[in-house]
Amino acid sequence: MNRREFAKLLSAAGVAGATDIAWGVTRAVGQTRGGTLNTIIQPEPPVLVTAINQQQPTLTIGGKIYESLLRYGIDLKPMPGLAQSWTISPDGKTYTFKLFPNITFHDGKPCTAEDVIFSCTKVLTETHARARGTFLRIEKAEAPDPLTVVFTLKEPFAPFINSFDCTTAPVLPKHVYENTDFRQNPANAQAIGTGPFKLKEWVRGSHIHLVRHEGYYRQGEPHLDEIFYRVIPDAASRSVALEKGTVQLTQWTDVEFFDVPRLSKLPNLEMTTKGYEFFAPHLWIDMNNRVAPMNDKRFRQAVAHALDKKAIKDRIYFGLGKEATGPVSSKTRFYEKDVKTYDYSLDKARRLLDDMGLKAGAGGKRATITFLVPPYGESWQRLGEFVRQALGRIGIEVVLQGGDIAGWGQKVSNWEYEMTANLLYQFGDPALGVTRSYATSNIRKGVLFTNMAGYSNPAVDKLFDEAAVATTDAKRQELYSQAQKILCEDVPVVWILEQDFPNFYDKKLKNVITTGIGVHETFGSVSLG
Amino acid sequence: MTHLASGLQGHRVVAVALGILGWAAKFVAVVLVISTMSFLLVRAAPGDPAQVMAGQTGAADEKMLAQIRQEYGLDQPFILQLATHLKRVVTLDLGQSYRQRQPVTTLIGERLPATLLLTGTAFLLALASGILLGTLAALRAGRWSDTLLTVVSLILYAMPVFWLGLMMVLVFSVQLGLVPAFGFQTIGVEMGPFGRALDIGHHLILPAISLAAVYLAIYTRLMRSSVIEVAQQDYIKTARAKGLAQGRIIARHILRNAILPVVTVAGMQAGALVGGAVVVETVFAWPGLGRLTYEAVLQRDYPVLLGLFLVMSVIVILLNLATDVLYRFIDPRVTTQAAG
């Protein structure tokens, strides 16, 4: 990062901070204070402490209870969170955050720089697999005063600034967790954070009740008095709850895709697919690159040509998403659109198979592949069926194999599969959510969501390594663009869809989706009426 | 005489005590066998709870997997894990849920009342209605009302529980707005104990009817054929020849005998009600054991699953005992034969 870029970043940070504070005041004017939000949580989370558990429902509710230093806009640019401003040193190794004054935990104790350092360097490196990769890069963490946090990294790591959302780096109270077993700490049941809402009651199997944190540091927030998260396991019942107005908000997969067109027509509801930009869920057909014929890139290219992505998007996901062009989502930073693409063409697919010598035998069959259907619901089964029919047209017989979550996870992570489908999050930066699926160093048997396909290309590895530590966006873009071009030529997996998820909410609700993490955000600015 | 009477009484007390001890020994043996079998069955399924838990976070590494396995003893030898499980059964310490990090006894204790309320209500509803409707159908055998009851029973029997539940929600909740669509109680409203009881009762209507429907059909059909069969017995003809009133014959002679097969089947099926509750509790968001079971299966939450199997098997064993006792109460011949 040169001096000019650094100055630009500084001023952007400062302006963002100032704007947000002013914004908060403006938003408060004319907004109704009070009211109850009823919404859905499914499945019921195991705990609410996001430092200990990072399942989606935990993050949805935990996001109201725990905060981090920053928030990220829909465009994934950092915004003030617990930190009102921040700077990055020109060498890209030192990050300085200034906290807002008067931040308190739900138990009334102040939240200071020591709590932030303790959370990032002691708790998260122990309990949070995703955060561990980032925060183990910290060489030194200091608190020159109670409102200043200084992290010095061992070497530059550009995505560091993208790692302070409340799902990645929640701040826990040091006075509660220090010198304890973080996972077994009795305080986990109380979920003590700094967020605008605190836990009042959890009736397991029924609901989780959050109420206003009166000592919240952002003036005028939260607007709502309370939030009820209702546990409704059946999808049809969830739709009924939304239609009847029993709940005013649904998110993620609360509503089945096939119900989206119908519910979108209801006059009292608003629907948006915004708020998933940070996660950027990326759907692909996963192929075990170690096993023939998937070990031949011509076969993988043939599969890419044989799958009609638009049809998948329209028929299975009811238009919710955008056809993927490569490993990086267009929502994620450093996306490259100028890559080799694979149009829907059965002729091209057949030619590729002929070229590799996979000729059609009796009955036109060239090969038989087993497709492990991910056990996550109806749409995955439909996707499996679609793949079976589509590949059948080019002579690839696909045998669908079902199972449960545990069985699927075991087979896929131990590489005992030929073909399956997968949906992974990108977490705002390729270094955080993309590299892991293609880097040779991340081929790790028995661990889900690593480079399970077994793709290995030293050129791609080098580009990913360099991009992670490059300190300018231009350089990073250049390196990631090259990596994407190689990957799109090699197609280790067939990227299908940048999947969208529908958020339905009552039109009376305001400011529901304001950042790139959408419904995981604090909801301090959400109001009714 | 006094000595003889007290001797006989003492002998009887000893016999009863021995009987209870024998039953208790059988109870413990059955529970231990079931616990061992459950453990083996659960572990026979492919899959690793650590993988499930790590997988759902969207990111995992070896350290996380190792931590989970170590924390829950999944890295221990299989035999040691089985021994730990059996020790827990004996000491009634069912361990801690992998997923929810709560004692299994707490989780089950929280959900048990809701399931007992739902299954108990459904059971009584199905049994009472089945006996009543079956008797009515038998007494009007061959007439249109019998045909109607038969057809309705068959429809209820053939209808999937989840579909019936959803249809009832659509009609009685969404369209007519008569009853709540789901849930155990109204959330976020303060009520007195009486108001709360009424509110829970209101929420109970649809799930209880959905769960009861299929059993109601079975009991109706069973009661109908049983009443018809008993009504043709010689002693009924004798009663009629003696000029006993029809109502007395039905109440004292036909029903009392005809009900025995229904009680037998009901006792056997009471355990199956908990299985049916899995679906009903899911459709109606009823916070009971059924849903806990479903979630534990999905999550491979072994301690919860094994704890649930244990509790359910104990319930089934106790229900069978209750059926035996009830049988003796309804039909004194059973006691006499046993004594003889």
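Which residue is the bridge partner of A:Val203 in β9(A)? The first view of this predicted model gives the partner.

**View 1. Strands β8(A) and β9(A) form a hairpin.** In β9(A), A:His207 is the bridge partner of A:Val203. The two strands run antiparallel and are joined by six bridges; pairing requires at least two DSSP bridges. Three residues lie between the strands. In the turn, A:Gly205 has a positive phi of about 85°. Strands are DSSP runs (E, at least two residues) and helices likewise (H or I, at least four), numbered from the N terminus.

**View 2. Strand β9(A) also pairs with β10(A).** Five bridges join these antiparallel strands. A:His207 has A:Arg230 as its bridge partner in β10(A). Six of the six residues of β9 (207–212) are buried, so the strand is largely enclosed by the rest of the structure. Buried means under 20% relative accessible area (1.4 Å probe, protein chains only).

**View 3. Chain A meets chain B.** Contact (heavy atoms within 4.5 Å) involves 45 residues of chain A and 43 of chain B. The rule finds two salt bridges across the interface. A:Glu44 and B:Arg111 meet in a salt bridge at 3.4 Å, N to O. The criterion is a side-chain nitrogen of Lys or Arg within 4 Å of a carboxyl oxygen of Asp or Glu.

**Notes.** Residues are numbered from 1 along each chain as its sequence is written, and chains are lettered from A and ligands numbered from 1 in written order. Local features need pLDDT of at least 70, side-chain atom pairs count only at pLDDT 80 or more, and totals for chains, interfaces and linings use all residues, while side-chain values use heavy atoms, without hydrogens and water.

Methods. Buried < 20%, exposed > 50% of the residue type's maximum accessible area, 1.4 Å probe, protein only.
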